[in-house]
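Please open the structure in your viewer and keep the sequence beside it. The tour goes from one selection to the next and says what is found at each stop.

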Amino acid sequence: MPTFNVTPGVADAAELGRLLLTAWLETYPNPDAGIDEAWIRAAQGHQATEQGIERWRAFLADVERAPGDHFCRAVRGAPDGPLIGMVCGLRAEEVSLGPMYLLGPAQGRGVGSALMAEFLAWAGPDPIALWVTEHNQAAVRFYARHGFAATGERQVWKERLPNLRMVRPGGGVR
């Protein structure tokens, strides 16, 4: 699958919102935890609403205005095709990674590693922190391969989604 990396602009906000919701619907259903399509739509459906899209517009405007502090890259499977993956991040008190998602057909093809390489180049030698859903073991392994280690911190998001904090130390360890 050829991929085409892009820096999304404000005009891509609605597509990013839809991508994020679709990724959640693919990634997080877990009957044992009570996480089904209805719960996901209640928790993340706002991403594809005008309110969520407006937040994406504001973030993407910040990426354009302050690229040293805001990062977002996306990938398309074809030059004019829909977005199939994304990675975003912020530099504030610490560098934080997230969200990062690839739709199913893009997974396992090196696309995520290419996006991660762009993110790590942007982050430079600074430590990076993220939260990952604990039962998404493929993501936990992916982050570990890229130098992230679990800190032992955990949180349960919206009383159902167990998350694990991972950190990649600074110093340019690649």
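The stops below cover a set of strands and then some aromatic rings.

This is a predicted model, in which local features need pLDDT of at least 70 and side-chain atom pairs count only at pLDDT 80 or more, while totals for chains, interfaces and linings use all residues. Residues are numbered from 1 along each chain as its sequence is written, and side-chain values use heavy atoms, with hydrogens and water left out.

Begin by selecting residues 83-91, which are strand β3 (strands are DSSP runs of E, at least two residues, numbered from the N terminus). Seven of the nine residues of β3 are buried, so this strand is largely enclosed by the rest of the structure (buried means under 20% relative accessible area, with a 1.4 Å probe and protein chains only).

Next select residues 95-102, strand β4, which is antiparallel to β3 and joined to it by six bridges; the hairpin here passes through three residues. Arginine 91 stands opposite valine 95 in β4, and the charged end of arginine 91 sits over the ring of tryptophan 122, 4.5 Å from its centre (the criterion is CZ of Arg or NZ of Lys within 6 Å of the ring centre and within 35 degrees of the ring normal).

Finally, select Trp24, Tyr28, Trp39, Tyr101 and Trp157, which form one aromatic cluster (rings of Phe, Tyr and Trp, the last by its six-membered ring, pair if their centres lie within 6.5 Å; planes under 30 degrees apart count as stacked, over 60 as edge-to-face and the rest as tilted).

Notes:
Buried < 20%, exposed > 50% of the residue type's maximum accessible area, 1.4 Å probe, protein only. Helix = DSSP H or I, 4+ residues; strand = E, 2+ residues; numbered from the N terminus. Pairing = 2+ DSSP bridges.
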